[in-house]
Every structure is written in C-alpha cells, then in structure tokens.
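Subject: Structure handover

Dear colleague,

Here is the structure, with the sequence alongside. My notes follow below it.

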Amino acid sequence: MLKILKYSFYDLIRSRWSYVYFLFYLALGFVLLFLNNDVSKAVITLMNVIIVLVPLIGTIFGVMYYYNSREFTELLLAQPINRRSIFMGQYFGVAGSLTMSLALGLGIPFVLYGLLRSNAIFDFSLLLVTGAFLTFIFVGLSFVIAISNENKIKGFGYAVLLWLFLAVVYDGLFLMSLIVFEEYPLDTFSLVATALNPIDLSRILILLKLDISALLGYTGAIFKKFFGTDLGFLVSMAILLLWTVLPILGLGHKAKRKDF
Amino acid sequence: MTIKIKDLHKKFGKNQVLKGVDLTIDEGHIYAILGPNGSGKTTLIKSILGMVIPNKGQITVLEKPIKKDWKYRKQINYLPQIANFPPNIKVKELIHMIKDLRNSAADETELITLFGLEPFLNKKLSTLSGGTKQKVNIVLTFMFDSPLIILDEPTTGLDPKALIRLKELIQKEKAQGKTILITSHIMQFVEEVADEIVYLLEGEIYFKGSIETLLEQTEQTNFEHAIAAITTIGSHA
C-alpha cells in the first residue's frame, strides 16, 4: 500500500492542480493577513472559506482522480498487489497531497506573519486539523461514490449533490425544523443534528474555540456547555474520526466485490 | 496444466456473459482465445486475473485456487487492451515503478532497444502516440520472467516492424516453455503464432483444438474463412 501511496502522491504533487490549490491558499493567507492585520481575525475569515471550500475541493478532486486513473488502476489490478492496498494507497495519496497543499499554503503566510509568537496558534492548528479531517472525509466519500458508479457524469453529479446537501441544504433543513418545532425543547436535537454533519461540526468546533459563542445567544450557551468542554471536544473529534473511517471501510468493502 | 477453469459463470446485471466455461490450458503452448465481439473473451481473461469476480465456478492457476488470493499474479504477465498510463510520469519512471511494485527482477534494456524506445525514455507518457504507448505496454509485459503470459489485443497500433518483433518475442517465450494466451481480431496474426484455438460463442466454448482440426471440421482451406464459418459446425468440441 505504501508504494501505491507514494506513487499516487508523487503523481498528484506534480500535477498542475495541486499547485493551483496550493497557490490559492498561499494567496488567500497573505491577502487575509494583509487586510485584517490580525492573526485571530484572519483565522475567523479563513474558517468560513475552509469550511465550504475544503469539502468541495476534496469531493471534486477525489471523483476526478478516481475516474482519471481508472485505466492505471486496471494495470495495477493485474499486478501481484492486494486490491485493498491499491484503493487505500490512492485514497491516502489524494487526501494526503490535498492536506499538504492546505497546510503549506496556509502555514507559510501565517508563520511568516508571526503566528508562532501570537496566541492564535492553537486556533490556527485547530483550523488545519479540521481542514485535514474534512479533506479525508470528503475524498473518502467521493471515492465511495465514484467506485459505485461506472458512469462518470452520474458519479460526479452524486458527489457534488452530496457536498451541496451537507454544506448548504442540511443547514436549511436544520433551520426549518428549528422554526417548525420551536414549541418543543430542541437542545438535544440541535446538538445531535450538528454532530451528524461533519461540516457543521467543524464550524461549531472552531467557533467555540474562538470564544465568539456569546454571539450565538442561548443556543451558543448550550453548545458551549457541550462542545466547549474537554469531553465535548473529544467527542467531536471522535465523531470526525468516525466520519473519516466509515467511508474508508465502505471503500474497502466495495473494492473487494467490484468487477473491472 | 497451467490453468484449469471449471463451470465458470459470470453475469453483469441481467447480461449473462459466461455460461459455464470449462477450460484447461496446458503448459508450453500458445492459445488464441477468439470469438465475436461480446462473446466473453475479455471477461474470461479478467476472471483468470482476478479482476472480474465470477458468480460461480472455480479457477485454478498453477495448481492453486485463485479465490481471494493475489500472490499468484506474480506468475502472470498481462498486457491490457488499452494502454493508458498516468500522464504525469516519464516512461523510465513508469518502468521503474512497475518493477518496484512487482518487486521482482526484470530485464528491460534489451526490450527497449528491440522496440527502439530509447528516445522516449525521458518523455512524459501523455506526449506519446498510441503505437509508442503500446510498445511501452509490451516492454512492461515482457520484462518479467513469468510462466504465464496473457496478451489482450497485443497488435493494436503497432507498425509492421514492431509487429515482427512482437511475433519473434512470443516465439522466444514459447521456446522457454511458457504458456501464452492471446486474444486478437487479426486472424493472420493468430494463424502465425497460435497452436490452439479456443472459440467462445455467447459465453460458452464452442470449439477448442488446433488450426488443422478447425480447417478439417469446417471444410475450409483458409483460416479466416474457417473462423467465419465456425458456427456451421454441428458438434461442440
């Protein structure tokens, strides 16, 4: 598996898109720091970008890579290599190179600006960690969708729909249910509903760490009570980890049974 | 025997592609797997390679059942039908990479000279023409020393010179006692290289035997016409 990972990773970091992605974050980091002139504020703005963009890029890259390397995958399948290793290697190659672009692209401007001397370093690391989680989750989901759909257009469509659902539609449904059921106590419901969506969970996690939860009013207090504690933090991390592991298991399961 | 297939069934959705194939492939011969489009040739080959998972039946390669195994593929060199490689790497790197992945000794220098690929070694695969890609594909297949060689449409895109080299290469491997499976639609090529014909029709083996037997049974003098007339044979081989 490590060999496949190595080659997928090299193949990707040499492709133009990895550079584009890296340069985008590099530019974004510099521009935000220049405009805000403050590390903490830049982290908040970045969060809004990362929470939506990272899953989208992960989804699109994952689907594109899977379909583009189909013939090469077939070449590998005829070699004495375990099937699982081929797909796991490709998955970690894609997710790893995207995470590296993210971490380097944002890390370089922030470190140059003096992140290491500021007290926002923990917030910034949390941002990168959730960014990495979101990358692994969405690349995994997109691989599962791609391996289940022979038809490229269909696979692409489903993957983008999934992103749209989790990034946009889910919030809408969530808000609507809050309004419809406002007569009832919704604390537990909103906690659970937030935890079930990796994008929402990441957002809340970062917001609470940034100590701006007071802006969220009563709900914020409840969220703070749960997610703000060490236990809540660990539970959220565990849920993100679960979100990462489930697609990987699904990928392994699908890979074992698929005909090429 | 090198390969033994028993009662192999494969269905893609509603489409029953293989309907109980029984086949034994003996060591040291060249077999041509023929049949009209959609008769299940590639599915049969991919089942042997473990790329397609059969619904029913057993396949044994070199005395070992292949189900849930992957190490047996070390004994097989496979030339896939369409050569499409990762675009961002160079020919040299691809050869190195496959060697690294297979983890076995390989001799590619002679093959590279044979097909005149030296000028392309430092070029990226995306810049190569179809025929050159196929040559790279052939080098990747023949550089390992394995007892079983499977070639899916090996002649695609090759110029006459390369085609002659390929035929010589196949004969050389045969002389070393290797077993070779070939699919091709170029009947002249098949006639020149194959010892045995396996003719698939609608997912079953319709004929298996030597070219002479085929000519006799179909009462034809020309191999190409014999293949075309094969469905007129009443008895199954």
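How many nonpolar, polar and charged residues does the lining of the largest pocket have? The lining has eight nonpolar, six polar and nine charged residues. Please keep in mind that this is a predicted model.

The largest pocket

The space in the largest pocket comes to about 660 Å³. Its lining is made up of 23 residues, and those nearest the centre are Ile53(B), Ile66(B), Lys67(B), Lys68(B) and Asp69(B). Both chains supply elements to the lining: α5 (83-113) and α11 (230-257) of chain A, and β4 (56-61) of chain B, each give at least two residues. With four residues, β4(B) has the largest share.

The second largest pocket

For the second largest pocket the volume is about 520 Å³. There are 20 lining residues here, and nearest the centre lie Asp11(A), Tyr65(A) and Asn68(A) from chain A together with Pro87(B) and Asn88(B) from chain B. Four helices of chain A, namely α1 (2-13), α2 (16-36), α3 (39-68) and α4 (70-77), supply at least two lining residues each. The largest share is that of α3(A), again four residues. By class, this lining has ten nonpolar, six polar and four charged residues.

Contact between the chains

Chain B brings 28 residues to the contact and chain A brings 24. Between them, about 2,500 Å² of area is buried, and 58% of that comes from carbon and sulfur atoms. Four salt bridges are found across the interface of chain B and chain A.

A helix in chain B

Is helix α1 of chain B largely enclosed by the rest of the structure or open? Helix α1(B), residues 41-49, is largely enclosed, because eight of its nine residues are buried; the cut-off for buried is under 20% relative accessible area. The buried residues are Lys41(B), Thr43(B), Leu44(B), Ile45(B), Lys46(B), Ser47(B), Ile48(B) and Leu49(B). After α1(B) comes Gly50(B), which has a positive phi, near 80°.

Regards

Methods:
Residues numbered from 1 in each chain as written. Chains lettered and ligands numbered in written order. Predicted model: local features only at pLDDT ≥ 70, side-chain atom pairs only at ≥ 80, totals over all residues. Heavy atoms only, no water. 1 Å grid on protein atoms, 1.4 Å probe; cavity = no way out; pocket = protein on both sides within 12 Å on 5 of 7 lines; lining within 4 Å. Points joined across faces, edges and corners; volume = space filled by probe spheres on them. Nonpolar A, V, L, I, M, F, W, Y, C, P; charged D, E, K, R; others polar. Buried < 20%, exposed > 50% of the residue type's maximum accessible area, 1.4 Å probe, protein only. Contact = heavy atoms within 4.5 Å. Buried area = accessible area lost by both parts, 1.4 Å probe. Salt bridge = Lys/Arg side-chain N within 4 Å of Asp/Glu carboxyl O.
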